[in-house]
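Okay, thanks for coming, everyone. I'd like to walk you through a structure today, so let's get it up on the screen.

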Amino acid sequence: MALSPKFSRLITAVVVAWTTFTLVIYGMVLSGGFVRQWGRDNSFTLKHYINAFGIDVGEHGLQWTGTAWSSFFTSMSIAGIAAPLTAVLGMTTAWLLVRQKFALKSVFEFGTMMCFAVPGTVIGVSYILAFNVPPIEITGTGLILILCFVFRNMPTGLRGGVAAMSQLDKSLDEASTMLRADSFTTARRIIFPLLKPAITTALVYSFVRSITSISAVIFLVSAKYDMATSYIIGLVENGQYGTAIAYSSMLIVVMLACVLGVQKLVGRRRLRRQDRVLGELRPRPVLEKEPAQ
């Protein structure tokens with residue numbers, strides 16, 4: 001049903017205003033790394049990008065001379081490990097909640113959503129207190145960052161998986177069982193291929209959130225495993241706004257490329273509507289009966 005003209009114009013005005021505001025913010029960030037001093041000396045320069053992401057070619061090959069390469073590679077590797085783990089864990093948990101029956105199912109579902117209720121700063125401090133002593137002493141390592149991202153981002157992938165899996169008829173599972181397939185084969189060959197949009201959402205959300213997270217990360221980073229967000233905050237505190245803006249611009253471009261790459265690799269299940277025009281009905285031929293012998 002079409003919207004009323006007044007309501008349609010109102011929605012269009014709100015969307016256009018918000019989109020314009022968003023594009024202005026992104027434009028300011030992307031352009032701020034190419035000026036010497038934003039707001040004072042707007043002359044063109046590349047020194048901020050060279051300082052952050054400089055590359056030299058020497059006798060031993062490429063040398064990553066930029067100051068931001070270490071935190072950049074750490075962020076990409078940790079987010080690249082945490083995102084698939086989050087998607088797999090979220091989809092598996094969603095399959096258990098939707099397709100399986102067990103005791104205390106509602107309690108288990110409530111416990112999975114508690115990850116979202118805890119503030120990030122509390123998670124960061126709690127991880128330090130919990131994993132700073134034997135037998136599990138992982139404070140200051142990359143593993144504690146991966147565990148934090150998986151714990152923090154799993155509820156979003158879980159709810160997306162539950163919503164998508166609830167739309168799949170259980171007769172698919174029953175047909176697979178009648179053909180002598182076990183639960184793992186059914187999930188791998190029937191259920192999960194139909195959940196490509198939910199899997200893509202979980203991968204993209206987890207990857208982007210792992211790179212842009214700051215509340216819990218600020219307590220868990222170390223000199224060896226420094227994330228991009230904490231490094232950018234350090235640049236801002238030291239007054240290096242140009243380098244911080246250049247780093248932020250690089251993250252925006254990289255994350256957009258990764259989102260498009262994940263969508264291309266995983267694929268998206270699209271449903272479309274097609275209107276067909278029925279042709280003229282032709283009379284069916286009538287077979288003449290042969291005369292009885």
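Before I point at anything, one definition: rings of Phe, Tyr and Trp count as a pair if their centres lie within 6.5 Å, and for Trp that means its six-membered ring. And please keep in mind that this is a predicted model.

With that, here's the aromatic cluster: Phe53, Trp64, Trp69, Phe72, Phe73, Tyr231 and Tyr247 form one. Across the structure there are 15 aromatic pairs. Let me show you two of them.

Take Trp69 and Phe73. Their ring centres are 5.2 Å apart and the planes sit at 20 degrees, so this pair is stacked; the cut-off for that is under 30 degrees. Both residues belong to helix α3, residues 69–99, and they're four residues apart, about one turn of the helix. Is Trp69 buried or exposed? Buried, because its relative accessibility is 12% and the cut-off is under 20%. Phe73, with a relative accessible area of 37%, is partly exposed.

Now the other pair, Tyr127 and Phe151. Here the centres are 6.3 Å apart with the planes at 55 degrees, so we call it tilted. Tyr127 is in helix α5, residues 120–130, and Phe151 is in helix α6, residues 142–165, so this pair ties together parts that are 24 residues apart in sequence. Tyr127 counts as buried at 13% relative accessibility, while Phe151, at 31%, counts as partly exposed.

Okay, on to the inside. The largest nonpolar core has 37 residues, and the ones touching the most other members are Phe72, Leu195, Tyr247 and Leu251. You'll remember Phe72 and Tyr247 from the aromatic cluster. The largest share, 11 residues, comes from α3.

Let me zoom in on Leu195. If you ignore its neighbours within four places in sequence, Leu195 is in contact with Met91, Ala164, Met165 and Leu168. There's also a second, separate core of 16 residues, and it includes Tyr127, Cys148, Leu220 and Met227. So that's our Tyr127 from the tilted pair again.

Last stop, the surface. As a rule, in soluble globular proteins, nonpolar side chains tend to be buried together. Here, though, we have a nonpolar surface patch of about 900 Å², made by Trp18, Phe21, Val24, Ile25, Tyr26, Met28, Leu30, Trp38 and Val253. Which helix gives the most to the patch? Helix α1, residues 5–32, with seven residues. Trp18 is one of the patch residues, and its place is in α1. Trp18 counts as exposed, because its relative accessible area is 58% and the cut-off is over 50%.

That's my tour; happy to go back to any of these views.

Note on methods
Residues are numbered from 1 along each chain as its sequence is written. This is a predicted model: local features need pLDDT of at least 70, side-chain atom pairs count only at pLDDT 80 or more; totals for chains, interfaces and linings use all residues. Side-chain values use heavy atoms; hydrogens and water are left out. Patches are made of residues with over 30% relative accessible area and no salt bridge: like charges are joined within 9 Å, nonpolar side chains (Val, Leu, Ile, Met, Phe, Trp, Tyr) within 5 Å. Accessible areas come from the Shrake-Rupley method with a 1.4 Å probe; for residues, only the protein chains shown count as cover. A salt bridge is a side-chain nitrogen of Lys or Arg within 4 Å of a carboxyl oxygen of Asp or Glu. Helices (H or I, at least four residues) and strands (E, at least two) are DSSP runs, numbered from the N terminus. Buried means under 20% relative accessible area, exposed over 50%, partly exposed in between (1.4 Å probe, protein chains only). Rings of Phe, Tyr and Trp (its six-membered ring) pair if their centres lie within 6.5 Å; planes under 30 degrees apart count as stacked, over 60 as edge-to-face and the rest as tilted. A nonpolar core is a set of buried Ala, Val, Leu, Ile, Met, Phe, Trp, Tyr and Cys residues joined through side-chain atoms within 4.5 Å. Contact means heavy atoms within 4.5 Å.
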